[in-house]
Amino acid sequence: MTSPAVSITVAEAVWEQIKSSRSASDDHLSILQFLFGRNLERATRIVDQGGVRKVSAAPSGRSFFLVVGESKRKEEYICFPEHHCTCYSFFYDVVNRGEQLCCKHQIAARLAEAVGEVMEVEVSDEQLATMLSKL
């Protein structure tokens, strides 16, 4: 079994390659599938459905992603792709049980940004603070 640190390093390299070419090759997807399993498939569905928005604040430039869930309620989760997501799976599978490197929302945010399929939304720093205060 590959250590989480090695897996994260490999994933980071793949994300950078995808970002530089603005497309994901079959090889990239194969590696990501190995690392993230079924979460990658779920993330690609979210991206394909336009479910990722990047919220950036001005003038600070701070940002986070809003990622739509797959449930019928279409909840949006606040997501910092490299660090945190407000979904239950992040808490349960990533933090509590350590069974996943990240949740599908984090993968969707990384993938959408890397291939340029993210909707950009600009807000004021005050609006961003208000949004984050609801965490």
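α1 passes α2 in a left-handed crossing. A crossing is left-handed if the near helix is turned anticlockwise from the far one by less than a right angle, and right-handed if clockwise. The model is predicted: local features need pLDDT of at least 70, side-chain atom pairs count only at pLDDT 80 or more, and totals for chains, interfaces and linings use all residues. Residues are numbered from 1 along each chain as its sequence is written, and side-chain values use heavy atoms, without hydrogens and water.

**Helix α1 against α2**

Helices (H or I, at least four residues) and strands (E, at least two) are DSSP runs, numbered from the N terminus. Helix α1 covers residues 4-21. Helix α2 covers residues 26-36. Their axes come within 10 Å and cross at roughly 150°. Axes are lines fitted to C-alpha atoms, for helices over the stretch in contact, and angles run from 0 to 180 degrees between N-to-C directions. α1 and α2 are therefore roughly antiparallel. Angles under 35 degrees count as roughly parallel, over 145 as roughly antiparallel, 65 to 115 as roughly perpendicular and the rest as oblique.

On the α1 side, the contact (heavy atoms within 4.5 Å) is made by S7, V10, A11, V14, W15, Q17 and I18. H28, I31, L32, L35 and F36 supply the α2 side. By class, this contact has nine nonpolar, three polar and no charged residues. Ala, Val, Leu, Ile, Met, Phe, Trp, Tyr, Cys and Pro count as nonpolar, Asp, Glu, Lys and Arg as charged, and the others, Gly among them, as polar.

H28 lies in α2 and counts as buried, at 11% relative accessibility. Buried means under 20% relative accessible area, exposed over 50%, and partly exposed in between (1.4 Å probe, protein chains only). The side chain of H28 reaches the backbone nitrogen of S25 at 3.1 Å. Not counting residues up to four places away in sequence, H28 touches V14, Q17, I18 and S23.

I18 belongs to α1. I18 is buried, with a relative accessible area of 0%. Ten residues separate I18 from H28 in sequence, and their C-alpha atoms are 7.5 Å apart. Residues up to four places away in sequence aside, I18 touches S23, A24, H28, L32, A114 and V115.

**Helix α5 and its partners**

Helix α5 (residues 104-115) packs on α1 at an angle of about 30°, with the axes 7 Å apart. The crossing of α1 and α5 is right-handed. E12, W15, I18 and K19 of α1 meet I107, R110, L111, E113, A114 and V115 of α5. These residues divide into six nonpolar, no polar and four charged.

The axes of α3 and α5 come within 8 Å and cross at roughly 55°. α3 and α5 are therefore oblique to each other. α3 passes α5 in a right-handed crossing. From α3 come N39, L40, R42, A43, T44, I46 and V47, and from α5 come K104, H105, I107, A108, L111 and A112. That contact divides into eight nonpolar, three polar and two charged residues.

K104 is found in α5. K104 is buried, with a relative accessible area of 17%. Leaving aside neighbours within four places in sequence, K104 is in contact with N39, R42, A43, I46 and E70.

**Loops**

R22 lies in the loop between α1 and α2. Phi of R22 is near 60°, a positive value in a residue other than glycine. R22 counts as partly exposed, at 45% relative accessibility.

Q49 lies in the loop between α3 (38-48) and β1. Q49 counts as exposed, at 59% relative accessibility. The C-alpha atoms of Q49 and V68 are separated by 9.3 Å, with the two residues 19 apart along the chain.

P59 sits in the loop between β1 (52-58) and β2 (63-68). The peptide bond from A58 to P59 is cis, with omega near 10°.

**Accessibility by residue**

| Residue | Relative accessibility | Class |
|---|---|---|
| I18 | 0% | buried |
| H28 | 11% | buried |
| K104 | 17% | buried |
| R22 | 45% | partly exposed |
| Q49 | 59% | exposed |

Notes. Polar contact = N/O pair within 3.5 Å; in protein donor to acceptor, adjacent residues only side chain to side chain.
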